Amino acid sequence: MIITKFIHVLLGITLLGSLTIFYIFINSAIRQHDNVALKYTTQFSLYMDLLIVLIFVVLFLTGTFLVYQKYFSFSIPWIRAAYFLLALTVICWMTSFIIRFNNYKKLCNNNFEQFQYKRLFHSCHWLIILFIIFIVHDAVTKSTLFNVL
Amino acid sequence: MFYNWFKIIHVISAAALLGTGVGTTFYLFWGNFQKNLTYTVKICFQVLRVDYLFTGVAGVVQPITGFIMIYAKGYSLTTVWWITTLLGYSLAGMCWFATIYLQTQCRDLAIDVCDQKEKLPQRYYRYFTFRCVLNVLTIIILMIVFYYMTNFPQQTAP
């Protein structure tokens, strides 16, 4: 259980920090209208998405494993909320992936004019940060703001 | 409730400390192999800014919230767990300061070379390699500290 909890917390904070950093770097390139930096940064974030997929999978597995190890029930509201928020985080991240991939293709084909779906991209990343903070809140307080679930 | 809010801030600042550390290390390493001097200069600036803004602030917030939580729980400051954590954190902090110094040197060298439209000197790569090694070392030390954090002994509480 010691190792499982350690891996779970470690990957959770790595996920939050890394996703925030990639967002800041891409956002900086968008704001400065620097297409070269945007191309490299987007390419880098797409490569790093392979690592992010792995982190999501391991987070889900270690989280489920911890529920069994700590004799929690899946009907506990904050645990249900954690799964729900993780699913929402994955959806937002996948949306961001599609937006970045489409823009990267345009950058490579030299038909890039401006970053498309910029608002949706920003919203997705702010929501990801918010959802992960909610998950941290629920795990620490063992209660949830999403009791309606 | 007061304790829980500090714990939430502590965990989120840990994300800013370690998560951004991992992210910037990968980014810096990857960006330096793109062989684009203008981009390298940009990366040097961005990474330094992020290091100050996120890692620096989180580095201050972490011990403050940590001390508050220890005080709130009434833990002893003479336990092996606490001393090891403090030593590890101090060591990581020293590595971070060295990293910042090397990153500043890398940035200045890259700016000089970019202005004169030359290739990056051997000194840059020496600083860069040493910086990356120190960064990886910092991440490993922080992981050990986090291991202690997630497994703190409950029996130390009075």
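I take a polar contact to be a pair of N or O atoms within 3.5 Å, where, within protein, one must be able to donate a hydrogen and the other to accept it. With that in hand, I looked up the count between chain B and chain A in this predicted model, and I found 4 residue pairs in polar contact, both residues of each pair being at pLDDT 80 or more.

I then asked which helices of chain B supply the side that touches chain A, and noted that α1 (2–31), α2 (37–73) and α4 (122–150) each supply at least two residues. Of these, α1(B) gives the most, with 17 residues. Sorted by class, that side of chain B has 18 nonpolar, 10 polar and 2 charged residues.

Next I looked up the extent of the contact, which takes 30 residues from chain B and 33 residues from chain A. Between them the two chains bury about 2800 Å², and 79% of this lies on carbon and sulfur atoms.

I searched the interface of chain B and chain A for salt bridges and found 1. Asp34(A) forms a salt bridge with Lys42(B), and I noted 2.5 Å between the closest N and O atoms.

Definitions and conventions
Residues numbered from 1 in each chain as written. Chains lettered and ligands numbered in written order. Predicted model: local features only at pLDDT ≥ 70, side-chain atom pairs only at ≥ 80, totals over all residues. Heavy atoms only, no water. Contact = heavy atoms within 4.5 Å. Buried area = accessible area lost by both parts, 1.4 Å probe. Salt bridge = Lys/Arg side-chain N within 4 Å of Asp/Glu carboxyl O. Polar contact = N/O pair within 3.5 Å; in protein donor to acceptor, adjacent residues only side chain to side chain. Helix = DSSP H or I, 4+ residues; strand = E, 2+ residues; numbered from the N terminus. Nonpolar A, V, L, I, M, F, W, Y, C, P; charged D, E, K, R; others polar.
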